[in-house]
Amino acid sequence: MDENTANRHVVRHTDVLIIGSGAAGLSLALCLAKKAGVTVLSKATANAGSTNYAQGGIAGVYNTCDDDDSVEEHIEDTMIAGGGICDRSAVEFTLRNAHDSIEWLIKEGVPFDEKEEPKTEEQSPYHLHREGGHSHRRIFHAQDHTGHTIQDTLLNQASQNPNITLLDHYNAIDLITTKKLGLAGNRVLGAYVFNIKTNQVETILAKFVALCTGGASKVYQYTCNPEVSSGDGIAIAWRAGCRVANMEFNQFHPTTLYNPNDRNFLLTEALRGEGALLKRPDGTRFMPDYDERGELAPRDIVARAIDHEMKKLGADCMFLDISHKPADFIMKHFPTIYERCLKAGVDMTKEPIPVVPAAHFTCGGVMVDRRGRTDIECLYAVGEVSYTGLHGANRLASNSLLECVVYGRAAAEDILARLPIAIEPPEVPDWDESQVTDADEEVVIHHNWHELRLMMWDYVGIVRTDKRLERALHRIKLLESEVNEFYSNFRVTSNLLELRNLLQVADLIVRSAMKRKNSVGLHYNVDHPEAPKDCRPTILSPYEM
């Protein structure tokens with residue numbers, strides 16, 4: 001990598017630019033680094049993304065000698081949870097690659113929990129959880145902080161690899177493509193990125209670019225996702241000319257710790273897998289009234305049930321109770337949750353935990369093929385930012401980390417095969433700030449930010465109507481007009497870039513929701529409660545808007 005700072009504008013060169021440093025980005029980087037120079041960007045620190053906060057685990061059939069499980073049953077569980085809108089070929093591709101991907105993580109050093117009882121050579125040594133929607137125990141985990149363990153392991157490996165450059169506090173602005181420069185075709189050449197530490201825009205040129213930026217749950221007022229989940233990769237890809245699909249399906253995790261004085265903290269579905277029960281304030285159960293699977297029903301069903309009970313009773317929250325289990329069992333399997341609840345004044349070994357739903361996972365995203373390729377040549381998307389077809393109308397618990405690793409490895413294989421004949425990017429224009437000034441009123445950004453997120457929660461949340469969607473789209477257009485004017489006249493800031501991307505993603509979510517005239521999975525419209533007659537995804541193209 002080299003830098004040219006003659007005109008104070010930094011230009012970097014790399015074989016592969018990866019935007020995002022979670023499980024998707026790091027899996028891709030580590031698989032590429034054997035033969036390629038890789039630059040990995042993080043919007044904050046390298047461990048600030050959603051992977052680091054994932055509690056439950058990674059799903060996969062690793063050893064069929066245990067519990068009579070099979071890949072075929074994992075496939076069927078995923079298809080059922082997805083409301084019939086999963087791409088079956090994508091499901092089969094992902095889940096048939098689960099064994100090898102989990103094996104790769106183990107070889108990289110991820111210490112998944114093992115069984116306490118004596119093991120035989122015929123059996124898998126790993127302790128497996130079961131979560132909602134799964135017919136068997138197949139969730140590999142490291143206590144209740146699996147994501148953190150995976151993140152820490154992969155990041156440690158990446159930081160020691162001489163072919164990987166990690167750049168923290170860089171916010172991607174937009175992709176540089178041949179189409180934007182008036183050249184032939186539509187091939188990605190790199191990206192303009194904002195160095196948050198220096199407040200300067202830099203250029204990174206690359207033969208290949210991969211978007212691994214995670215999801216867009218920050219578009220909602222209440223989310224258990226970290227601050228960086230602002231849909232950047234989806235918005236950036238859309239502006240460059242990529243199609244998106246199934247943006248109406250945003251998963252709301254049913255159980256986050258209800259604490260008005262703190263950000264929503266996710267309570268893993270594994271709690272319910274180990275026997276935790278959902279209860280009303282009076283202590284009675286309610287999930288059997290909604291689904292025969294009770295607390296182990298898929299997340300969309302559980303989230304709507306909690307939402308309905310809260311509205312029916314006028315309650316601020318419902319309760320998740322695992323206090324009937326031995327205290328030492330709870331503290332051993334869920335130490336992170338136990339400590340966090342104690343800080344909130346709740347001893348989960350003795351009393352139920354107050355819970356509410358919160359935005360958690362973006363099931364749609366940038367359309368890709370089995371190798372992670374997008375509509376733009378040499379541009380890839382991996383992980384939650386992408387639409388592979390795996391999740392359909394609702395994500396099955398713990399399939400997401402698996403998707404990151406499976407597609408990260410597939411994209412790496414494809415890039416390495418193409419690397420010997422890849423074309424060096426030409427010189428591109430520097431970022432032009434000659435016609436802009438420093439922002440005079442940052443309060444405008446903060447006001448619009450809060451208005452957007454609250455409006456999305458109220459109008460485009462767990463339950464929707466046609467009128468709410470129309471109002472949401474109208475207000476989004478007004479906010480977009482204000483922000484675009486702001487973007488055109490003032491120097492970029494990280495908050496401005498995030499708001500611009502959130503508005504773009506909100507627009508795509510609402511337009512997708514308006515196109516779907518039925519209710520399925522995570523999209524429930526009171527005006528169209530009937531199930532879909534067909535099972536096709538909702539696809540939006542920037543060239544048809």
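A charge sits over a ring if NZ of Lys or CZ of Arg is within 6 Å of the ring centre and within 35 degrees of the ring normal. The model is predicted: local features need pLDDT of at least 70, side-chain atom pairs count only at pLDDT 80 or more, and totals for chains, interfaces and linings use all residues. Residues are numbered from 1 along each chain as its sequence is written, and side-chain values use heavy atoms, with hydrogens and water left out.

**View 1. Charges over rings at F361 and F329.** The charged end of R395 sits over the ring of F361, 4.2 Å from the ring centre. K325 lies over the face of F329, at 5.4 Å from the centre of that ring.

**View 2. Helices α3 and α11 cross.** Helices (H or I, at least four residues) and strands (E, at least two) are DSSP runs, numbered from the N terminus. The axes of α3 (residues 88-96) and α11 (residues 399-418) come within 9 Å and cross at roughly 85°. Axes are lines fitted to C-alpha atoms, for helices over the stretch in contact; angles run from 0 to 180 degrees between N-to-C directions. The two helices are therefore roughly perpendicular (65 to 115 degrees). Contact (heavy atoms within 4.5 Å) is made by A90, F93, T94 and L95 of α3 and by N399, L402, E403, V406, Y407 and A410 of α11.

**View 3. Y62 pairs with F140.** Rings of Phe, Tyr and Trp (its six-membered ring) pair if their centres lie within 6.5 Å; planes under 30 degrees apart count as stacked, over 60 as edge-to-face and the rest as tilted. The whole structure holds 14 aromatic pairs. Y62 and F140 form an edge-to-face pair, 5.4 Å centre to centre, with 80° between the planes. Y62 lies in the loop between β3 (58-59) and α2 (71-81) and F140 in strand β5 (residues 139-140), so the pair ties together parts 78 residues apart in sequence. Both Y62 and F140 are buried (under 20% relative accessible area, 1.4 Å probe, protein chains only). Y62, F112, Y126 and F140 form one aromatic cluster.

**View 4. F486 pairs with F490.** This pair is tilted: 4.6 Å centre to centre, 45° between the planes. F486 counts as buried at 9% relative accessibility. F490 is buried too, with a relative accessible area of 15%.

**View 5. I337 in helix α10 (residues 335-343).** I337 is buried, with a relative accessible area of 0%. Not counting residues up to four places away in sequence, I337 touches Q55, D144, F265, L267, T268, L271 and M348. I337 and L271 are 66 residues apart in sequence and 9.8 Å apart in space, C-alpha to C-alpha.

Definitions and conventions:
Parallel < 35°, antiparallel > 145°, perpendicular 65-115°, else oblique. Buried < 20%, exposed > 50% of the residue type's maximum accessible area, 1.4 Å probe, protein only.
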